[in-house]
Amino acid sequence: GPIDPPFTDYSKRVMYRGFDVTPFLSTGDGKTTKSHVIGVTLGSGWWDHRPVSGMAKPKLLPRGPATVIAQVIITYASGRTRVVGQTGVDKVVWQVTRGHIRESDLFTGEMVDLAVLGEMEGWDTSTGWSVSSAATGGSNPYKEINEWILPVLYDTEVTSEERVQEMSLKAKAMEQSEKKSFPRRTKFAAPIGKLVPNEIPPVMAMELIAPDEIHNLGGGRWLLDYGKAFSGMLHFDEGVPAPIVPDGKTYPRAHGFKAASEQGDPFITVIYGESLEMTTGDINRVLTAGLGLHDGGPRHVSKREGHTRGSYCFPDDHDNILSQKDVYVVSKASRQSDGAMLFSRARQSHFTTHSFRFAEVCCSAEPPQNAHALLYRTAVPDWGTFDSSNVIINGGYELVKNAMVSNMLSVQS
């Protein structure tokens, strides 16, 4: 799922999930051996999220750089077992690079570079993968596409005892006079807790929803209405439409992408929200996006002018309102490719989830075709149903049920 491992205090425990990979293993034809590849795509999730402030307190959560812990356990017919590809041990068999997901955040969305996606096709297959000569060092995967380097082992100087004390002081569960002194840290990522088996189903797409209406807002902007609010993202069955540049090169609010515009890179943006502005018909980004963190959108002022300017990790292109925004871009790195073809291969964001009923897609001459919404939640089964002769009670039941499942992202919020 897009939000694994489940939300918890990762400095105490990290839940791992096992998969049966037997159908993917092969011994070859008896004359030659068959090679296998373990491919892992990482996002930020609850662990490496943007440190926003507001109603939620993510700064209280343990956090650190994106990290993977993996291994394959092979059980032979004789009963003998063998562990291969163990991270942290078999370091030389792992390589890392910056992939097509250029930025991901659980709260604010994702940026997908479709040029990199095309260039790296097959990276996770035995025919498309090879040991890179650059894996010994000297390569910069942030500037070069499909350039691989050796991974860096997770490292921190912060101890579990220090982490517990920090949280106890912030929660006022410990007096300052009881505080112990620790050395000044230069490596201050949170400690990683004990690995334990996953005890709950993953967060998965549980419902496919077609739009009720599609409205042309003008200027290449399209509003999709899915009829009800829920947690999830859009899935473009036929890709996103080829982008256009609005007249005057002025993008509608929050649909700009400064870095791409400066390079002349084409892009499509998707903004999500639960309600509409009554005066403009635009998506009301304040009520849902970024937990209300803003410094003055239309008719809404919760912070003084300029409050968010220069604050940590506040995106420039969100127009002072932290928004739920996905971006699909074709970077200059792959100008020899057909841009329209690359946009047609876009499908969905991966390691984010949005609270929305409405979505704005911008900017294109035509609306996206077959843009369905995926409702994501923990994949627990329904245990029963309810129905009565009273339509008001039935409506209340559906309302409560929808609110519950929309907030069931590993934990019930």
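## A nonpolar surface patch

A patch is made of residues with over 30% relative accessible area and no salt bridge, and its nonpolar side chains are joined within 5 Å. In this predicted model, Tyr16, Ile69, Ile192 and Leu195 form such a patch on the surface. Together they have about 360 Å² of accessible area.

Take Ile69 as one member of the patch. Ile69 sits in the loop between strand E1 (13-16) and strand E2 (72-75). Its relative accessibility is 51%. Exposed means over 50%, so Ile69 counts as exposed.

## The chain as a whole

The protein chain has 413 residues, and 40% of them count as buried. It holds 5 helices and 15 strands. The chain exposes about 23,200 Å². Carbon and sulfur atoms supply 55% of that area.

Strand E8 covers residues 213-218, and strand E9 covers residues 221-236. The two pair in the antiparallel sense. Their pairing runs over 5 bridges.

The hairpin has 2 residues between the strands. Gly219 takes a positive phi there, near 70°.

## Arg357 in strand E12

Arg357 lies in strand E12, which spans residues 354-362. Its relative accessibility is 28%, and Arg357 counts as partly exposed.

Leave aside the neighbours within four places in sequence. Arg357 is then in contact with Leu224, Asp225, Tyr226, Gly227, Lys228, Ala229, Gly273 and Glu274. Arg357 and Pro211 are 146 residues apart in sequence. In space their C-alpha atoms are 9.5 Å apart.

## The disulfide

A search of the whole structure finds 1 disulfide. It joins Cys362 to Cys363, with 1.9 Å from S to S. Strand E12 covers residues 354-362.

Are these cysteines buried or exposed? Cys362 is buried, with a relative accessible area of 1%. Cys363 is buried as well, at 0%.

Pro241 is found in the loop between E9 and helix H3 (258-263). At 12% relative accessibility, Pro241 counts as buried. The cut-off for buried is under 20%.

Which residues touch Pro241, leaving aside its neighbours within four places in sequence? Pro241 is in contact with Ile268, Phe343, Ser364, Glu366, Pro367 and Pro368. Pro241 and Ala340 are 99 residues apart in sequence. Their C-alpha atoms are 7.6 Å apart in space.

## Helix H2

Helix H2 runs over residues 160-170. Its buried residues are Glu162, Arg163, Gln165, Met167, Ser168 and Leu169.

Lys172 follows H2. The phi of Lys172 is positive, near 60°.

Key: Residues are numbered from 1 along each chain as its sequence is written. This is a predicted model: local features need pLDDT of at least 70, side-chain atom pairs count only at pLDDT 80 or more; totals for chains, interfaces and linings use all residues. Side-chain values use heavy atoms; hydrogens and water are left out. Two strands pair if DSSP finds at least two bridges between them. Helices (H or I, at least four residues) and strands (E, at least two) are DSSP runs, numbered from the N terminus. A disulfide is a pair of cysteine sulfur atoms within 2.5 Å. Buried means under 20% relative accessible area, exposed over 50%, partly exposed in between (1.4 Å probe, protein chains only). Patches are made of residues with over 30% relative accessible area and no salt bridge: like charges are joined within 9 Å, nonpolar side chains (Val, Leu, Ile, Met, Phe, Trp, Tyr) within 5 Å. Accessible areas come from the Shrake-Rupley method with a 1.4 Å probe; for residues, only the protein chains shown count as cover. A salt bridge is a side-chain nitrogen of Lys or Arg within 4 Å of a carboxyl oxygen of Asp or Glu. Contact means heavy atoms within 4.5 Å.
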